Amino acid sequence: MAKPRIKVPKMAKVGEIVEIKSMISHKMESGRRKDKKTGKVIPRKIINALKVTFNGKLVFSASLHPSVSANPYFAFDFKVPGSGDMVFEWTEDGGKVITAKKSLKAA
Amino acid sequence: MTPISGIKMMKKMIKLTVGVLLLAGFSTSAVLAADGKSEAVKPAAEFGLDEIWSGYHFAKKETQALQDDDFDNPGNLWLEEGAALWSKVDGDAKKSCQSCHNDASKSMKGVATRYPVYYAPRKKLINIEQRINLCRTEQMKAKPWKWKSKQLLAMAVYVNNQSKGMPVNIRITAENKPFWEKGKAFYYKRRGQLDMSCAHCHEKYYGKHIRSNVLSQGHINGFPTYRLKWQKPGSVHRRFKGCNKQVRAKPYGLGSDEYNNLELYVKWRGNGLPVETPAVRN
């Protein structure tokens with residue numbers, strides 16, 4: 001279960017600084033917990049990277065580690081260069097990539 | 001600097017500090033009143049509290065901000081999940097919640113303000129989680145959801161959220177009075193190795209620190225609450241269990257009659273507070 005939510009304004013002026021927000025529901029299993037019944041370590045499964053591109057150009061990236069809590073939230077300021085698509089890519093341990101896209105129209 | 005000018009400056013500084021303090025006191029009270037959630041409510045009936053404050057009031061500023069913003073509030077992930085489950089067909093009867101209840105924003109409005117309620121076929125109280133599972137087993141002929149499952153939490157958040165902002169209004173009737181009495185007895189009974197009752201923390205010492213946490217009045221108007229410690233929303237009963245464990249008492253089960261009675265009593269204590277689901281607490 002990993003459902004992403006992103007908040008990108010639909011309209012903005014060129015050169016305006018807008019706040020972009022993102023949150024993804026994820027357990028962020030740290031790999032340090034043990035199963036209470038079997039005593040075995042629960043394997044690590046976290047979102048280990050976030051990459052945000054605007055029209056293919058990288059605008060924000062982060063690498064995440066086991067101490068990041070569940071449902072990681074990222075917000076950043078973004079200077080609008082023009083219209084385009086903002087694409088979020090979260091990479092999970094094991095290589096699965098979860099994407100979300102929002103279009104921004106600049107006036 | 002001459003000694004005289006030094007004294008003058010000190011006097012000035014004292015004046016300034018007093019001014020700043022006054023201003024600070026004034027502005028915080030203004031902010032508290034503005035958001036509408038942090039206002040004290042006068043209890044309608046007589047019991048141990050003179051003023052009723054939501055747990056929101058005792059939360060840190062950052063935690064409050066997290067709750068107030070619809071995007072930042074992580075409980076809303078469960079709310080969205082609940083909204084999707086509302087219209088999802090499940091079980092042998094091929095029904096969804098929507099098949100009977102239509103639009104949740106109308107049919108479920110105000111439900112959170114009056115639950116838990118007396119359920120005649122079982123001759124005891126049921127809360128919202130149990131009502132959801134009763135619908136699933138009896139109307140939908142589907143399997144009941146587990147107490148701590150994502151689905152039941154999501155649906156409970158969704159149903160409670162339909163009453164967001166409405167004041168809690170538990171009425172004591174002839175039917176639920178005996179259960180209310182039992183809940184009250186539970187509330188004031190000392191238990192566990194620490195020999196403490198609910199009232200010791202939440203009635204006598206609310207607002208004071210217990211190690212690094214601030215004690216609230218223990219109202220449940222924001223449940224299922226997203227707890228940062230749990231990293232997900234949790235039910236009232238889970239919270240009760242935690243409290244009981246902390247005074248080193250043996251906790252009752254999730255969904256037990258004891259906790260249902262207590263839920264009714266504790267919710268009644270918070271009569272007049274707005275429903276905040278999904279609230280965020282530390």
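Residues are numbered from 1 along each chain as its sequence is written, while chains are lettered from A and ligands numbered from 1 in the order in which they are written. In this predicted model local features need pLDDT of at least 70 and side-chain atom pairs count only at pLDDT 80 or more, whereas totals for chains, interfaces and linings use all residues, and side-chain values use heavy atoms, with hydrogens and water left out.

**View 1. Chain B as a whole.** Chain B contains 13 helices and seven strands, which are DSSP runs numbered from the N terminus (helices: H or I, at least four residues; strands: E, at least two). Of its 282 residues, 47% are buried, where buried means under 20% relative accessible area, exposed over 50%, and partly exposed in between, computed with a 1.4 Å probe and protein chains only. A contact means heavy atoms within 4.5 Å, and among the contacts in chain B between residues at least 6 apart in sequence, 65% join residues at least 24 apart.

**View 2. Where chain B meets chain A.** The contact takes 14 residues from chain B and 13 residues from chain A. About 1200 Å² is buried between the two chains, with carbon and sulfur atoms giving 55% of this area; buried area is the accessible area (1.4 Å probe) that two parts lose on being put together, summed over both. Phe71(B), Leu77(B) and Gln231(B) supply 55% of the area that chain B buries against chain A, more than any other three residues.

**View 3. A salt bridge between the chains.** The rule finds three salt bridges across the interface of chain B and chain A, a salt bridge being a side-chain nitrogen of Lys or Arg within 4 Å of a carboxyl oxygen of Asp or Glu. The side chains of Asp69(B) and Lys21(A) meet in a salt bridge, at 3.0 Å from N to O. Helix H4 (residues 75–86) of chain B gives five residues to the side of chain B that touches chain A, the largest share.

**View 4. The surroundings of Gln217(B).** Gln217(B) is found in the loop between strand E4 (213–214) and strand E5 (225–227) of chain B, and Gln217(B) is buried, with a relative accessible area of 1%. A polar atom of its side chain lies 3.0 Å from the backbone oxygen of Glu51(B). Not counting residues up to four places away in sequence, Gln217(B) touches several residues, including Trp53(B), Phe58(B) and Tyr187(B).

How values were computed
A polar contact is a pair of N or O atoms within 3.5 Å; within protein, one must be able to donate a hydrogen and the other to accept it, and residues adjacent in sequence count only if both atoms are side-chain atoms.
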